[in-house]
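Welcome! Here is a short briefing to read alongside the sequence and the 3D view.

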Amino acid sequence: MKLDFAFIWTAFLQLLTAVPTALAITAVSVFCGLLIGTAVAVIRLYKVPILHPIAASYVTFIRGTPMLTHLLLIYFGLPILVDAIAEAFGLSFRSVSIPMIGFAYVSFSITAGAYMSEVVRSGLLAVNRGQIEAAYAIGMTTSQAMRRIVLPQAFAASLPNLSNSVIGMLHGSTLAFTVSVVEINAKAQIVATTNWKFFEAYLAAAIIFWAITFMIERLTALAEKRFNLYNRGGVS
Amino acid sequence: MIKLTQIRKSFGRNEVLKGIDLTVEKGEVVAILGPSGSGKTTLLRCINYLEKPNDGQISIDDFNVNCKRPDKKDIHTLRGKTAMVFQQYNLFRHKTALENVMEGLIVVKKLPKDEARQKSVELLEKVGLGSKLDAYPSELSGGQQQRVGIARALALNPEVILFDEPTSALDPELVGEVLGVIRKIAKEGITMIIVTHEMSFAQDVASHVVFMDGGVIVEEGKPSEIFNDPKEERTKQFLKRITPEGVYSI
């Protein structure tokens, strides 16, 4: 077998057009996942009545089922729900007008939320109890103490795990092809159907994923340096 | 004036405070002494509600908190009137010395940034850290961190500053600098309640000494009375062990 280097390059250039889609799916799911995850982590740590068992079940169910299953459940289930609601309220909106990528956004955000809640929870647990006591002692409310003292430190502590999650979501974004979203892998398949050089096309896709992942790693390293500035003297 | 009435606190079935009554006059420096497990730190933490008392009343001037049914707002007000210096310093790790002192002024007292900054710089200079404004806690020695902790407490102009064994976590060499700062602010007439194991310091700085054991106040009075002429057998025993006369023998 001979490797067609020229075609790897051609495929590479064509795959670049799918990069924004992959990045959009990753960014949306990570951002929404972080919001959901933080809320879930705080609810679970503070054992908020009623919400606490719901949050715990959410995490165990989502982590206990594959990401692809979430996508399929949302893809087939959400339209039923949306149409039922629209009908009940007499709205003209119908699920067919939801863009395909919308299903990926919703489902991957739900997936990311469950995983990230554990990332945030471990970050929160890493913050010394004395920090919040000191915040209370100077007269802060719980929400002020959380926002100004605990969460920034928890965020710094969870950066390494967070970067893991971001990378996981980037690679997971490839599953969106099952709902006809043309992300990097799907694009590779499309490109290769013209001449059946699948290996070259997927190789180009791999290079792109690796490059993006490498950039995420570098960015995390920079962020860690920035946010962990206060640790430079060692243990305090 | 701070008045504690029948403060009770239990951890599970273990009753740590068995009805404490204590009155602290304005400007007084009260030292609380006692063996480990006597409840002195718990009592101090109850005063600003870091520990929730099960029963009793806390009054600061005209403001009362009924510990049986405390209002969330009352707890917040109470914390606004008190400040605490911790055994483990508990400086905000992600903030510089200056930011640590400024934090309460900006977030709680809502002071404009410039004003907060100016006041914080003055206070840090007062505790001898004018050259360490931008250092993070991890870059400071224990003694320096504790002095930032004291500046942070002072910044809030509290009715009372609560010191929870402020020198227990320090190297012996660094104890002096922290006690020096506390001594200095004691002279300014700020009301202070200090839980300490530093007997000579308590004798020297306190205007009132409280001896606790087993969750009750065994004896209280002027330092000269407690240290030179204790009435209760338990106090005598404690002081004898902790301040041996003459030389140490091994």
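Thr96(B) touches Leu133(B), Asp134(B), Ala135(B) and Tyr136(B), where touching, or contact, means heavy atoms within 4.5 Å, and residues up to four places away in sequence are not counted. Thr96(B) sits in the loop between β6 and α3 of chain B; helices (H or I, at least four residues) and strands (E, at least two) are DSSP runs, numbered from the N terminus. Thr96(B) is buried, with a relative accessible area of 7%; buried means under 20% relative accessible area, exposed over 50%, and partly exposed in between (1.4 Å probe, protein chains only).

This is a predicted model, in which local features need pLDDT of at least 70 and side-chain atom pairs count only at pLDDT 80 or more, while totals for chains, interfaces and linings use all residues. Residues are numbered from 1 along each chain as its sequence is written, chains are lettered from A and ligands numbered from 1 in the order in which they are written, and side-chain values use heavy atoms, with hydrogens and water left out.

**Helix α3 of chain B**

- The buried residues of α3(B) are Ala97(B), Leu98(B), Asn100(B), Val101(B), Met102(B), Glu103(B), Gly104(B), Leu105(B) and Val107(B).
- Their cover includes α7 (142-172) of chain A, together with α4 (113-126) and α5 (142-155) of chain B.
- Gly104(B) is buried, with a relative accessible area of 2%.
- Leaving aside neighbours within four places in sequence, Gly104(B) is in contact with Ile138(A), Lys109(B) and Leu156(B).
- The C-alpha atoms of Gly104(B) and Gln146(B) are separated by 17 Å, and the two residues are 42 apart along the chain.

**Nonpolar cores**

- A nonpolar core is a set of buried Ala, Val, Leu, Ile, Met, Phe, Trp, Tyr and Cys residues joined through side-chain atoms within 4.5 Å.
- The largest such core has 89 residues, and those with the most contacts inside it are Ile7(B), Leu124(B), Ile150(B), Phe163(B), Ile182(B), Met192(B) and Ile193(B).
- Helix α6 (residues 172-186) of chain B gives the most to this core, with seven residues.
- A second, separate core of 35 residues includes Phe7(A), Val19(A), Phe108(A) and Phe209(A).
- In soluble globular proteins, nonpolar side chains tend to be buried together.
- Beyond its neighbours within four places in sequence, Leu124(B) is in contact with Ala97(B), Leu98(B), Val101(B), Leu129(B), Gly130(B), Leu133(B), Val148(B) and Ala151(B).

- Met84(B) lies in strand β6 (residues 82-85) of chain B and is buried, with a relative accessible area of 5%.
- Met84(B) and Ile150(B) are 66 residues apart in sequence and 8.2 Å apart in space, C-alpha to C-alpha.
- With neighbours within four places in sequence left aside, the contacts of Met84(B) include Ala137(A), Leu44(B), Arg45(B) and Asp164(B).
- Arg234(B) has its place in helix α9 (residues 233-242) of chain B and is partly exposed, with a relative accessible area of 25%.
- Not counting residues up to four places away in sequence, Arg234(B) touches Pro35(B), Phe211(B), Asp213(B) and Val218(B).

**Chain B as a whole**

- Chain B has nine helices and ten strands.
- The C-alpha atoms of chain B fill a box of roughly 55 × 50 × 35 Å, taken along the principal axes.
- Buried residues make up 54% of the 250 residues in chain B.
- Among contacts in chain B between residues at least 6 apart in sequence, 64% join residues at least 24 apart.

**Chain A as a whole**

- Chain A has nine helices and zero strands.
- The C-alpha atoms of chain A fill a box of roughly 70 × 55 × 30 Å, taken along the principal axes.
- Of the 236 residues of chain A, 42% count as buried.
- Residues 24 or more positions apart account for 79% of the contacts in chain A with a separation of 6 or more.
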